[in-house]
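The following exercises concern the model shown below. Each task is followed by a solution in steps.

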Amino acid sequence: RYGNMTYNIPVPQSGKYTVELHFAEINFQTSGSRVFNVNVESGQFILQNIDLYKDYGGNSAAAVIKASNVQVNDGLLTIALTNVVNNAKISGIAVF
C-alpha cells in the first residue's frame, strides 16, 4: 500500500509486542523520490525521512525493520505512515 495511512491492528491482550515493518522500493530508481515517516504506537518507535532507495540498497531496495518492546494498552497496535516526498509505502507488517 502507499500514501498517508494508519493501521490499527487488534492484539489479543495488553502487553509488549515486536513489530516487523517490511519495505520494498520497486517504483523509483533515484534517491529522494520517495521519503516518508513511520510512527508506531504514539511515538514508541519512530522512523523519520525514510528513503528506501538511498538507505537500503538502491534499485529494488528492500528492508525489514523491527520495533521491539512496543507497549500496547488499548487492544490496538497503531502504525501511522506519513508522506514527506511522494507517497509513503509499506509492503508488509508482522506482529509478535
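**Exercise 1.** Determine where K89 lies, and state which side chain of opposite charge is nearest to it.

*Solution.* The model is a predicted one. Step 1: K89 belongs to the loop that connects strand 6 (76-85) with strand 7. Step 2: K89 is buried. Step 3: the nearest side chain of opposite charge is that of E25, at 6.2 Å. Step 4: a salt bridge requires a side-chain nitrogen of Lys or Arg within 4 Å of a carboxyl oxygen of Asp or Glu. K89 accordingly has no salt bridge, although it is buried.

**Exercise 2.** Identify polar partners of the K89 side chain and list the residues that K89 touches.

*Solution.* Step 1: a polar atom of the K89 side chain lies 2.8 Å from the backbone oxygen of A24. Step 2: the side chain of S91 makes a polar contact with the side chain of K89 at 3.2 Å. Step 3: leaving aside residues up to four places away in sequence, K89 touches R1, Y2, F23, A24, I26, R34, F36 and L81.

**Exercise 3.** State how many salt bridges the structure holds, and describe the burial of the residues involved.

*Solution.* Step 1: there are two salt bridges in the structure. Step 2: one of them joins the side chains of K66 and E20, with an N to O distance of 3.8 Å. K66 is in strand 5 and E20 in strand 2, so this pair ties together parts that are 46 residues apart in sequence. Step 3: K66 is exposed, its relative accessible area being 53%, whereas E20 is buried at 15%. Step 4: R34 and E25 also meet through their side chains in a salt bridge, at 2.7 Å from N to O. Step 5: R34 is buried, with a relative accessible area of 5%, and E25 is buried as well, with 2%. E25 is thus the salt-bridge partner of R34, while its side chain is 6.2 Å away from K89.

**Exercise 4.** Give the strand order of the three-stranded sheet and explain why strand 5 and strand 7 stand at its edges.

*Solution.* Step 1: the three strands form an open sheet in the order 5-2-7, and their pairing is antiparallel. Step 3: on average, and with direction ignored, neighbouring strands here are turned by 20° against each other. Step 4: strand 2 (residues 15-24) and strand 7 run antiparallel and are joined by four bridges. E20 stands opposite A94 of strand 7; E20 also forms the salt bridge with K66.

**Exercise 5.** Describe the four-stranded sheet and the pairing of strand 3 within it.

*Solution.* Step 1: the order of this open sheet is 1-6-3-4, with antiparallel pairing. Strand 1 (5-10) and strand 4 (45-50) are the edge strands, each pairing on one side only. The twist from one strand to the next averages 10°. Step 2: strand 3 (residues 35-40) is antiparallel to strand 4, with four bridges between them. V38 stands opposite L47, and F36 has I50 as its bridge partner; F36 is also among the residues touched by K89. Step 3: strand 3 and strand 6 run antiparallel and are joined by six bridges, with V35 opposite V85. Step 4: strand 3 and strand 4 form a hairpin with four residues between them, and E41 in the turn has a positive phi of about 50°.

Terms used: Residues numbered from 1 in each chain as written. Predicted model: local features only at pLDDT ≥ 70, side-chain atom pairs only at ≥ 80, totals over all residues. Heavy atoms only, no water. Pairing = 2+ DSSP bridges. Helix = DSSP H or I, 4+ residues; strand = E, 2+ residues; numbered from the N terminus. Axes fitted to C-alpha atoms, helices over the stretch in contact; angles between N-to-C directions. Buried < 20%, exposed > 50% of the residue type's maximum accessible area, 1.4 Å probe, protein only. Lys, Arg positive; Asp, Glu negative; His and termini not counted. Polar contact = N/O pair within 3.5 Å; in protein donor to acceptor, adjacent residues only side chain to side chain. Contact = heavy atoms within 4.5 Å.
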